[in-house]
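Dear colleague,

My notes on what was found in it follow.

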Amino acid sequence: MVICTTSINSPTKQFLGLLDKAKRKDWTILLAGDLRTPHSEYQELECKNFRYLTPEFQEKTYPALSNIIGFRSIQRRNLAFVEAYKTEDPCISSYDDDQYVWDSWGENLLINKTIELDIWE
């Protein structure tokens with residue numbers, strides 16, 4: 001699973017909890033930084049499952065998309081989605097840095113599974 005987010009805050013308790021879970025589950029977290037993001041705090045996080053996308057990286061790699069979205073916008077997260085798409089992981093998720101993640105979050109996913117649904121008219 002690739003988890004995409006953006007933040008202008010220092011790493012929150014909730015985010016650090018997700019990062020810890022990502023280490024155990026072999027998930028990847030992509031965080032698209034913004035102008036007000038405390039860059040050094042995210043760059044100092046040592047985790048092979050976490051990648052901080054600096055504003056400079058975003059502007060260099062995706063100049064048109066970066067320009068359309070602009071800064072100071074939660075939509076910066078879309079740049080993380082584009083990076084996640086490149087991984088070809090079948091599951092890409094969105095996350096806000098103030099969310100707590102349940103222990104069962106991300107388990108029992110229905111990827112490539114057939115399910116039956118009742119449809120009411």
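In these notes, a residue is called buried when its relative accessible area is under 20%, exposed when the area is over 50%, and partly exposed in between, with a 1.4 Å probe and protein chains only. The model is a predicted one, in which local features need pLDDT of at least 70 and side-chain atom pairs count only at pLDDT 80 or more, while totals for chains, interfaces and linings use all residues. Residues are numbered from 1 along each chain as its sequence is written, and side-chain values use heavy atoms, with hydrogens and water left out.

Of the 121 residues, 39% are buried. The exposed surface comes to about 8000 Å², of which carbon and sulfur atoms supply 50%, as computed by the Shrake-Rupley method with a 1.4 Å probe, where for residues only the protein chains shown count as cover. Taking contact to mean heavy atoms within 4.5 Å, 62% of the contacts between residues at least 6 apart in sequence join residues at least 24 apart.

Helix 5, residues 77-86, deserves a separate paragraph. Its buried residues are R77, L79, A80, E83 and A84. They lie on the same side of helix 5 because they cover an arc of only 150 degrees around the axis, the arc being that of the directions from the helix axis to the C-beta atoms. On the other side of helix 5, Y85 and K86 are exposed. The cover over the buried residues of helix 5 includes strand 1 (2-7), strand 2 (28-33), strand 3 (50-53), helix 3 (55-61), helix 4 (63-69) and strand 4 (92-94). Just after helix 5, E88 takes a positive phi of about 60 degrees.

The last point concerns V101, which is found in the segment after strand 4 and is partly exposed, with a relative accessible area of 22%. Leaving aside its neighbours within four places in sequence, V101 is in contact with L18, K21 and Y95. V101 and K21 are 80 residues apart in sequence, yet their C-alpha atoms are 8.7 Å apart in space.

Technical notes. Helices (H or I, at least four residues) and strands (E, at least two) are DSSP runs, numbered from the N terminus.
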